[in-house]
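Dear colleague,

I am handing over the structure below, and my notes on it follow. Please read them alongside the coordinates.

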Amino acid sequence: MAADETDTADTAIIAALSANARATLNELSAVAGLSVSATQARVRRLEARGLISGYRAVIDPEVAGKPLAAFVEITPLDPGQPDNAPELIAHLDEIEACHSIAGDAAYMLFVRVATPRDLERLIRDIRSAASVGTRTTVVLQTFFEHRPLSPA
């Protein structure tokens with residue numbers, strides 16, 4: 001197998017780590033059907049390839065005091081202005097994700113805040129920092145997120 005190919009054992013390891021980043025090598029070897037040492041070598045190879053780029057804790061936003069989530073579309077006020085909005089708003093910690101999108105807006109932000117008043121302040125800060133118009137959709141309920149990702 002070439003170094004950049006992914007087989008069923010790799011896919012099983014990736015799925016297991018995607019579901020539980022704290023899975024032990026013993027647990028991973030059981031799902032991959034490999035020895036612990038072979039599994040460890042596979043994990044290291046997947047990390048070296050960049051397929052596994054890190055491990056993270058999943059924080060409950062409600063327990064962390066930020067229960068209000070929203071999607072914020074941003075559109076430049078002047079179509080001729082530089083396309084540097086992500087750099088101009090990167091310092092705003094409440095912005096969890098920034099995606100370049102197709103459609104009327106230029107970017108879609110995913111934000112988390114504590115209160116509606118905090119959301120209002122954040123939207124004002126986004127508009128001011130990047131000279132953009134905004135359109136906000138508040139999340140009422142999240143049915144799932146952080147789903148395990150498998151290679152194509």
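Over residues 10-67 the chain is 55% helix and 0% strand, with the end C-alpha atoms 36 Å apart; helices (H or I, at least four residues) and strands (E, at least two) are DSSP runs, numbered from the N terminus. For this stretch, UniProt carries the feature "domain: HTH asnC-type" from an unreviewed entry, and such annotations may be inferred rather than shown by experiment.

This is a predicted model, in which local features need pLDDT of at least 70 and side-chain atom pairs count only at pLDDT 80 or more, while totals for chains, interfaces and linings use all residues. Residues are numbered from 1 along each chain as its sequence is written, and side-chain values use heavy atoms, leaving out hydrogens and water.

In helix α2 (residues 25-32), the buried residues are L28, S29 and A32, where buried means under 20% relative accessible area and exposed over 50%, with partly exposed in between (1.4 Å probe, protein chains only). Because these residues cover an arc of only 100 degrees around the axis, they lie on the same side of α2, the arc being that of the directions from the helix axis to the C-beta atoms. N26 and A30, on the other side of α2, are exposed. The buried residues of α2 pack against α1 (8-19) and α3 (36-49), contact meaning heavy atoms within 4.5 Å. After α2 comes G33, with a positive phi near 70 degrees.
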